[in-house]
Amino acid sequence: MRYCLKNVKIINKNATFHQQNKNIWIENGYITHIENPQEALQKPTADDKVIEATKVDEAYCVSIGWFDMCANFQDPGQESKETLRSGLQTAMQAGFTEVCLQPNTNPVVQTKSDIAYLTQYNASHLTTLHPIAAITQQTNGKDLNDMIDLYHAGAVAFSDGNKTLWNTDLLLKTLQYLQPLNALLIQKPNDALLSQFGLMNEGIVSTQLGMKGIPHLAEEICISRDIDILRYVGGKLHFNTISSSKSLKQIKAAQEEGLAVTCDVAAHQLCLDDSFLASFDTRFKVFPPLRTQNDIKSLWEGLEKGIIGVVVSDHQPQDEESKQVEFDMAEFGASTLDTTFAALYTYSQQYNVSLTTCIEAITSQPRSILSLPIPTIEVGAKANLTVFSPKKEWVVTPEVLVSNSKHNPFLRQTLQGKAIACFNNKQAYLAQ
Amino acid sequence: MKHLLGIKDLPTSQIENILTTAREFKEVINRPIKKVPSLRDITIANVFFENSTRTRISFELAEKRLSADIVNFSASTSSVKKGETLLDTVNNILAMKVDMIVIRHSSVGAPHFLARHINASVVNAGDGTHEHPTQALLDAYSVWEKLGTIEGKKIALIGDILHSRVALSNIFVFQKLGAEVMVCGPPTLLPKHIEALGVKVTTKLHEALQWCDVANVLRIQLERQQIKYFPSLREYSLYYGINQAMLNQLDKEIVLMHPGPINRGVELSSDAADSPQAIILDQVENGVAVRMAVLYLLAEQR
C-alpha cells in the first residue's frame, strides 16, 4: 500500500521544508517522494490511500512522529488501570510513535527481562516503547541497580520515576556512574517531608478547602540541591514534570551557567490550575499538584524560551477503585495521553506560543535530550511521522478516550487539535 | 438549597433564613411539648464515620423533634479500608428508602463526593479539616442571640486553626454576616495563606483577646495532627490557654465560646469555661434549634 499525504504543511523546525505544503508519499515504511502539490508528478491510483483534509483552509500538518518522554502503562502489576496493549493503542491513536515508560511498575523495571517485557511489541506495533530503568532496586533509594547492563539491554534513561532519589550521595554517585554512557538521570523533584500528607497545591484554594497543601518549596528545594550536586560532579540531569515558576528560574540559571540540565512539564500542568480542586473531583488530583495561574504563565514562557524543552503526558491511568473514593484516599495521577497534544495546542493559543514550539517539545527535543536518533522528513528516510489537524475541535468524552482509564482532567471540555494518522515501524494508523 | 455542604458557597440570604427559622425552633424546643410534625414523612440516616457524641446527639434530637424517622450508622473509616467503599455504604442505606443523609467523615470533601453521586439531600456534619457548617451556623446564632447583632462585631478564633473545620466555617459565616474575624494560634497551627481569606492574623493570645468582642476557642485536634506541631500540651496551655485571670484583665467583658468537647486545662481553664462570660452550653442548646432549621428547610425543598 502506498500512502499519499496530500498538501500537508510540514512542521519541523530544522527541516528543509519547514512551514511548506507538500505531497508526501510513503511506501513500505519509507518516504519515497516529496513534491510541491502544484507540480506533482506522482498521481494516486485506486490502490493508494490518500490522506487529505476535506476543507482547503483546514489543511493537515505533518511532523516527525510524536514522542512522549514520560508515561505509565501500569503493566506489569496494575493491569486493571492500563495494559501494554491498551497503552500502546492509546499512544498510537493520540499520534505518539514513541513513548518512554517510567519504571514504577510492579515489579519495578530493573532487570533485562523487565526491559524485554516492555519492548516485546516494539517489532510488531506502530508505537515504539522506550523503558526508563530504575536507579535503585525496588526504587528504594538505597541500593543501585546494574545500570550499565540495563543500558545495553535498552534502557534509555535512569530514574526512580515517581519516587524522588533523595539520598544526595547516591544521586552524586549515579550522576558519576552514568557519565561513561552519556546516559540521562531523570529526577522527579520533590522533598517528601515537606509534601507529606499534602493533597493539592498549598495556596489560597487549599486554605479555603481545608486541605493539606504541597508547597512549591518541596519542588524547589530539591531542584536547588540537585543542581548543586550536578555542578560538583557533572553528568546529565533532567527534571521531570516541574510545576513551579521558581523552579524554572533555578533551571534557567543553571543552563546559563552551562550545566547539562533540562526539564519537562506535563501538558495538563500548562492548562489547569488549583481552582479546579474546589469540586473535590479526583481527576484533578495529580502529582505535582495543579498550581496557580502565575505558575502556568511562567511555564509557558519557559517553554517559549526553551528553558523547558519537553512537554510530556505524565499519563498515570487509574481505575475506578482508585479514583471513585474520598479525595484524600484517591490515588494521584490522571489519564492524559489521549489529550496531551490537544490540551497543549488548545491552551498554547491563549499564551501566544507557536505550534512549532509545541511540536518541537513533543518531537525533536525529547529525542535530543535522550540522545536518540531524530527522524527526518526527507526522501529515502524511514517514515516516522504524525499527521494532525490543528483545527479539528472535539469534545472529550469517555467514549472517545482510548485509554482504559477514563479519569481524564479534560473530560467534557472541547479541545482543538487531533492526530489524523501516524507512521512508524513500517506501519500506518489512520483515524476513522 | 438541596444540600448543606459548607458555608463557603452558601448565600448570605440563606444563612439569614436559617438563623431566623432557628429562632422559631428554639421557641418550640422550650415548650412543654417539644415536638412538631414537620418531617413526619422523612427518613434521615445519620452516617458517622468519625467519632462524635455532641453533634450526633444534637442532630438526632433535632430530627426527633421534627418527627422524622431516623437510622444511625456509625463506622470507623478503617472499616471502609476493609472493603466497602463510602459510596457503596451510603447507596446501601439509600436502597432502604432514606431521604436525607447527615454525614460526618474524616475525609475532606466526602459529603461533596456523595452529593455528586446520590439522590438524597446531604448534610455535612463535619468533613475532615474542611467545613462544619451547622457548627458555624449555631455559633453565629449564639452570637446573634447574645449580642443582638453580628455585623461589626469582632470575632477571634483561637487555637488550632490548621486542623479545625470549625475555624474555616466560622470564618466564612461571620464574614458573610458582616463581622471581622481574627485568627490566633502558634504559627505552626496557622495555615500559611490564611490571610488571603481576609482575616487578621496574630500569634499573640493577649492581642487577640484585647481586640475581640467574642473569643471562639477551638479544640487542639490532637487526633487530626499527623505530625508534631508544637512541643507539648504543657507549653501550649501556658502560652495559648485562656483562664479567668486573663479575662479579668481585659478592659471589657468578652463572650467566650467553645465548640466542645473542651480539653479542660489545655485551651480553657475550668474557671474560664464555667464563667458567666462563657456561652458554651447555650451553643449546645442552640445547636438543636439550628439543626432543626437546616433539616426543615432542606426537607421543604424536596
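The model is predicted.

Me: How much area do chain A and chain B bury between them?
Reply: The contact involves 21 residues of chain A and 27 residues of chain B. Carbon and sulfur atoms carry 64% of the buried area. The total for chain A and chain B is about 2,000 Å².

Me: How far apart are the C-alpha centres of the two domains of chain B?
Reply: The domain assignment gives domain 1 of chain B as 12-132 + 287-300, and domain 2 of chain B as 134-283. The C-alpha centres of domain 1 and domain 2 of chain B are separated by 25 Å.

Me: Which residues of domain 1 of chain B lose the most area to domain 2 of chain B?
Reply: In this pairing, 26 residues of domain 1 of chain B touch 25 residues of domain 2 of chain B. Between them the domains bury about 2,100 Å², with 61% of it on carbon and sulfur atoms. On the domain 1 side of chain B, three residues together account for 29% of what that side buries: Leu19(B), Thr129(B) and His132(B).

Me: Are helix 1 and helix 12 of chain B oblique or perpendicular to each other?
Reply: Helix 1 (residues 12-29) and helix 12 (residues 280-300) of chain B have axes 8 Å apart and pack at about 120°. Angles of 65 to 115 degrees count as roughly perpendicular. Helix 1 and helix 12 of chain B are therefore oblique.

Me: How many residues in the contact of helix 1 with helix 12 of chain B are charged?
Reply: Helix 1 of chain B brings residues including Phe25(B) and Lys26(B), which meet a set in helix 12 of chain B that includes Glu285(B) and Met292(B). In this contact of helix 1 with helix 12 of chain B, 12 residues are nonpolar and three are polar. The number charged is two.

Me: What is the handedness of the crossing where helix 4 of chain B passes helix 5 of chain B?
Reply: Helix 4 (residues 86-94) and helix 5 (residues 110-117) of chain B pack at about 55°, their axes 11 Å apart. That angle makes helix 4 of chain B oblique to helix 5 of chain B. The crossing of helix 4 and helix 5 of chain B is right-handed.

Me: Which residues is Leu172(A) in contact with, leaving aside its neighbours within four places in sequence?
Reply: Leu172(A) belongs to helix 4 (residues 168-177) of chain A. Its C-alpha atom is 9.2 Å from that of Gly235(A), 63 residues apart along the chain. Beyond those sequence neighbours, the contacts of Leu172(A) are Ile229(A), Tyr232(A) and Val233(A).

Me: What is omega for the cis peptide bond that joins Phe287(A) and Pro288(A)?
Reply: Most peptide bonds are trans. Pro288(A) sits in the loop between strand 14 (261-266) and helix 8 (293-305) of chain A. The cis bond from Phe287(A) to Pro288(A) has an omega of about -5°.

Note on methods: Residues numbered from 1 in each chain as written. Chains lettered and ligands numbered in written order. Predicted model: local features only at pLDDT ≥ 70, side-chain atom pairs only at ≥ 80, totals over all residues. Heavy atoms only, no water. Axes fitted to C-alpha atoms, helices over the stretch in contact; angles between N-to-C directions. Helix = DSSP H or I, 4+ residues; strand = E, 2+ residues; numbered from the N terminus. Parallel < 35°, antiparallel > 145°, perpendicular 65-115°, else oblique. Left-handed = near helix turned anticlockwise from the far one by under 90°. Domains from an automatic or database assignment. Contact = heavy atoms within 4.5 Å. Buried area = accessible area lost by both parts, 1.4 Å probe. Nonpolar A, V, L, I, M, F, W, Y, C, P; charged D, E, K, R; others polar.
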